[in-house]
Amino acid sequence: MNQVRPGVGMTGFASMEPATRATLEAGAETALQEAVDILGGKRLAMLTGAGLSTDSGIPDYRGPGSAPRSPMTYQEFIGSAANRRRYWARNHIGWSHLRHADPNAGHAAVALMERRGLLTGLITQNVDRLHEDAGSTNVVDLHGRFDQVICLENGHIFSRQLLAAILEELNPGFVAAALEAGVVEMAPDADATVEDPELITSFVVAVCPVCGGTLKPDFVYFGENVPKTRVELAYAMVDAGEALLVAGSSLTVMSGLRFVRHAAKASKPVVIINRGSTRGDEFAALKLEVGVSGALDYLARNLPDLSDVGDSIGVSPE
């Protein structure tokens with residue numbers, strides 16, 4: 001019987017048992033050897049998306065079998081106190097019900113690739129911080145990070161764990177009442193679908209403990225721009241690489257697709273690993289529709305070592 005590890009991520013997920021090892025489906029090894037032939041001996045920039053974290057039990061927005069999602073936009077969040085109440089009520093349930101997520105074999109493979117000198121840097125569209133939990137250090141969290149909240153008025157930053165304690169104090173028994181009322185499903189970014197609108201209406205939203213300002217998760221909402229310095233650092237990673245490896249992203253949003261276009265324009269080979277089509281397929285030297293974790297584990301073990309070649313594009317601690 002498999003045991004579920006308690007998790008180290010503090011990200012608010014883990015709705016299914018995390019993957020304990022990577023597996024390859026029949027025929028995948030032949031396709032992956034072609035990827036090794038293309039990427040071998042080259043320093044790589046890497047871009048990862050939600051498809052990498054599904055093996056850790058984190059639902060994604062656009063993968064095969066994903067339910068249609070209507071995530072709250074930045075404009076909706078800042079424009080309505082009722083929307084903020086609904087958001088934080090659902091988020092509090094998701095965080096409290098799914099407190100831990102484990103990095104999976106794919107995250108571990110990416111960290112190994114970094115240690116072996118294969119990467120100029122890692123750009124992730126995920127906010128779950130599982131790459132860092134797995135040991136990756138040179139990471140651009142393109143869309144921000146779920147383990148922090150930020151005050152929109154004065155920029156104060158607090159841990160999501162601290163906010164959870166504050167919300168629990170403001171709303172004693174809320175999570176238990178919500179679970180009794182029925183949580184239909186957990187959604188991406190620790191959101192949760194709740195059937196009882198009166199329960200949502202009763203929720204008390206926390207304000208900034210320092211200045212009383214509006215708190216927001218420290219990640220980029222739909223309709224919000226990625227900070228310029230973050231984008232520039234990600235481009236520098238792509239420019240420093242001789243190829244771009246994309247894993248688990250549909251490249252639906254321009255925030256990720258632009259790096260694929262940038263690499264292709266510079267005549268750098270792009271390899272995409274993703275189940276289902278992506279907006280970047282036309283730019284790819286190779287597109288593989290195989291399991292992301294297993295594919296990354298194979299590449300991490302079979303690409304030639306480059307430990308003594310070149311420098312990475314460093315990320316300053318935030």
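1. Strand β1 (residues 44–48) runs parallel to strand β9 (residues 243–247), and five bridges join the two. Within this pairing, Ala45 has Leu244 of β9 as its bridge partner. Strands are DSSP runs of E with at least two residues, helices are runs of H or I with at least four, and both are numbered from the N terminus; two strands pair if DSSP finds at least two bridges between them.

2. The model is predicted: local features need pLDDT of at least 70, side-chain atom pairs count only at pLDDT 80 or more, and totals for chains, interfaces and linings use all residues. Residues are numbered from 1 along each chain as its sequence is written, and side-chain values use heavy atoms, with hydrogens and water left out.

3. β1 and β9 belong to an open sheet of six strands, ordered β3-β2-β1-β9-β10-β11 with parallel pairing. The edges are β3 (139–141) and β11 (286–288); each has a single partner strand, so one side of each is left without a neighbour in the sheet. On average, neighbouring strands are turned by 15° against each other, direction ignored. Helix α4 (residues 105–115) packs on this sheet, touching β1, β2 (119–124) and β9, and its direction makes about 150° with that of β2. Contact means heavy atoms within 4.5 Å.

4. An open sheet of three strands has the order β5-β4-β8 and antiparallel pairing. Here β5 (157–159) and β8 (215–219) stand at the edges. Neighbouring strands of this sheet are turned by 40° against each other on average, direction ignored. Four bridges pair β4 (residues 144–151) with β8 in the antiparallel sense, and Ile150 has Lys216 of β8 as its bridge partner.

5. The axes of helix α1 (residues 28–39) and helix α11 (residues 292–302) come within 10 Å and cross at roughly 50°. Axes are lines fitted to C-alpha atoms, for helices over the stretch in contact, and angles run from 0 to 180 degrees between N-to-C directions. The contact is made by Glu29, Leu32, Gln33, Ala35 and Val36 of α1 and by Ala295, Tyr298, Leu299 and Asn302 of α11.

6. Rings of Phe, Tyr and Trp (its six-membered ring) pair if their centres lie within 6.5 Å; planes under 30 degrees apart count as stacked, over 60 as edge-to-face and the rest as tilted. By this rule there are eight aromatic pairs. Among them, Phe77 and Tyr221 have ring centres 5.3 Å apart and planes at 55°, so the pair is tilted. Phe77 lies in helix α2 (residues 74–79) and Tyr221 in the loop between β8 and α9 (228–240), so the pair ties together parts 144 residues apart in sequence.
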